[in-house]
Amino acid sequence: MPRIAVVPGSFDPVTLGHLDVIARAARIFDEVHVVVTHNPDKHAFLPVVEREALIERSIDEARIEGQIRIANWSMGLLVDYCQQVGAEVLVKGIRSSTDLSYETPMSIVNRNLAGVETIFMLPNPENAHVSSSLVRQVSELGGDISPYVPRAVATFLQQR
Ligand code: PNS
């Protein structure tokens with residue numbers, strides 16, 4: 001049986017920090033599903049289809065190897081998606097104690113709901129401060145986001 005991991009998130013937009021987690025997960029697991037979810041607590045910046053396209057372009061550009069699928073999920077719980085595709089593990093990046101506090105209850109609930117485990121990855125130091133919300137803000141105010149995002153995202157947002 002292939003070992004399948006899901007890397008979930010809003011990816012609004014995908015950052016270099018996300019891409020690093022995806023690349024590292026792809027080295028560990030047989031198959032990685034990058035799943036764009038709708039987070040009702042967050043105001044959407046880009047449509048989900050644009051986010052998926054940017055993830056795909058960024059993975060190609062960075063030549064990340066491995067079996068990687070890109071999907072979106074808004075039909076219910078993330079663990080429902082995991083069960084549907086046979087994934088037993090979620091992989092998430094943790095940049096700070098704030099991230100850990102946010103992720104810990106979700107990790108426990110996901111395990112209780114469906115036995116899906118969560119693996120946390122620490123970021124490379126150069127990505128430790130990078131977030132989609134920071135990218136959105138700098139982009140909307142006309143600043144340079146190129147140090148924080150894949151080239152495909154920087155180009156797309158500059159042309160927007
Ligand atoms: O990038 P984000 O917005 O921090 O990602 C949060 C996300 C998408 C992982 C979380 O909102 C999520 O898992 N949503 C799916 C709905 C769900 O399963 N909720 C219960 C989790 S305990």
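Predicted model: local features only at pLDDT ≥ 70, side-chain atom pairs only at ≥ 80, totals over all residues.
1. Let me start with the ligand. Its surroundings are made up of Gly9, Ser10, Thr37, Asn39, Lys42, Leu77, Leu78, Lys92, Tyr102, Met106, Val109 and Asn110.

2. For Ser10, a polar side-chain atom sits 2.5 Å from an oxygen atom of the ligand. The side chain of Lys42 places an N or O atom 2.7 Å from a ligand oxygen, and for Tyr102 the corresponding distance is 3.4 Å. On its own the ligand has 540 Å² of accessible area, and the protein covers 79% of that.

3. Please look next at the loop between β1 (4–9) and α1 (16–28), where Pro13 is found. The peptide bond joining Asp12 to Pro13 is cis, with omega at about 5 degrees. Phe11 belongs to the loop between β1 and α1 as well, and although Phe11 is not a glycine, its phi is positive, at about 50 degrees. As background, most peptide bonds are trans, and a negative phi is what most residues other than glycine have.

4. Finally, how do α2 and α6 cross? The axes of α2 (residues 48–61) and α6 (residues 151–159) come within 8 Å, at a crossing angle of roughly 135 degrees. That angle is why α2 counts as oblique to α6.

5. The residues behind that helix contact deserve a look too. From α2 come Glu50, Leu54, Arg57, Ser58 and Glu61, which meet Arg151, Ala152, Val153 and Phe156 of α6.

How values were computed:
Residues numbered from 1 in each chain as written. Heavy atoms only, no water. Axes fitted to C-alpha atoms, helices over the stretch in contact; angles between N-to-C directions. Helix = DSSP H or I, 4+ residues; strand = E, 2+ residues; numbered from the N terminus. Parallel < 35°, antiparallel > 145°, perpendicular 65-115°, else oblique. Contact = heavy atoms within 4.5 Å. Near = heavy atom within 4 Å. Polar contact = N/O pair within 3.5 Å; in protein donor to acceptor, adjacent residues only side chain to side chain. Areas by Shrake-Rupley, 256 points an atom, 1.4 Å probe, with all protein chains shown as cover.
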